[in-house]
Amino acid sequence: MSKVFRIKGEIMKKHFFEPLTFNQLIKAAKEEHAVERIYAEMGSRHRAKRTEVKIESISEEQVE
């Protein structure tokens, strides 16, 4: 059964003048899977390494 997680964080790359913030809804079975998907998406979109992605909060959303 899938759940929906809201993940907030920022990407800190040295050529950015300020951190790039993100707020994403991810559908996954477990919280760990949602975190892995965020790392994969941010790495793909912004060429950010895992050490450059800082996750600030993870919360489970209620979907009706």
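**Figure 1. A network of salt bridges links Arg 37, Glu 41 and Arg 45.** A salt bridge is a side-chain nitrogen of Lys or Arg within 4 Å of a carboxyl oxygen of Asp or Glu. The structure holds five salt bridges. The model is predicted, and local features need pLDDT of at least 70, side-chain atom pairs count only at pLDDT 80 or more, and totals for chains, interfaces and linings use all residues. Residues are numbered from 1 along each chain as its sequence is written, and side-chain values use heavy atoms, with hydrogens and water left out.

**Figure 2. Glu 36 and Arg 50 form a salt bridge.** The closest N and O atoms of Glu 36 and Arg 50 are 2.8 Å apart. The pair links distant parts of the chain, with Glu 36 in helix α1 and Arg 50 in the loop between α1 and β3, 14 residues apart. Helices (H or I, at least four residues) and strands (E, at least two) are DSSP runs, numbered from the N terminus. Glu 36 is partly exposed at a relative accessible area of 41%, and Arg 50 is partly exposed at 47%. Buried means under 20% relative accessible area, exposed over 50%, and partly exposed in between (1.4 Å probe, protein chains only).

**Figure 3. Arg 6 and Glu 61 meet through their side chains in a salt bridge.** The N to O distance is 3.4 Å. This pair also links distant parts of the chain, Glu 61 being in strand β3 and Arg 6 in strand β1, 55 residues apart. Glu 61 has a relative accessible area of 27% and is partly exposed; Arg 6, at 24%, also counts as partly exposed.

**Figure 4. Lys 13 occupies the loop between β1 (3-11) and β2 (20-28).** Lys 13 forms a salt bridge with Glu 52, the closest N and O atoms being 3.6 Å apart. Glu 52 lies in the loop between α1 and β3 and Lys 13 in the loop between β1 and β2, so the pair ties together parts that are 39 residues apart in sequence. Lys 13 is buried, with a relative accessible area of 14%. The Lys 13 side chain also reaches the backbone oxygen of Arg 47 at 2.7 Å. Not counting residues up to four places away in sequence, Lys 13 touches His 46, Arg 47, Ala 48 and Glu 52, where contact means heavy atoms within 4.5 Å.

**Figure 5. The largest nonpolar core comprises 11 residues.** These are Phe 5, Ile 7, Ile 11, Phe 22, Ile 26, Ala 28, Ala 34, Ile 38, Met 42, Ala 48 and Val 53. At least two residues of this core come from each of β1, β2 and α1 (31-46). A nonpolar core is a set of buried Ala, Val, Leu, Ile, Met, Phe, Trp, Tyr and Cys residues joined through side-chain atoms within 4.5 Å. Beyond residues up to four places away in sequence, Ala 48 touches Ile 11, Lys 13, Met 42, Gly 43 and Val 53.

**Figure 6. Strand β1 pairs with β2 and is joined to β3.** The pairing of β1 with β2 is antiparallel over nine bridges, and Val 4 stands opposite Lys 27 in β2. Strands β1 and β3 (residues 53-61) also run antiparallel, joined by eight bridges; Ile 58 in β3 is the bridge partner of Ile 7. Two strands pair if DSSP finds at least two bridges between them.

Key. A polar contact is a pair of N or O atoms within 3.5 Å; within protein, one must be able to donate a hydrogen and the other to accept it, and residues adjacent in sequence count only if both atoms are side-chain atoms.
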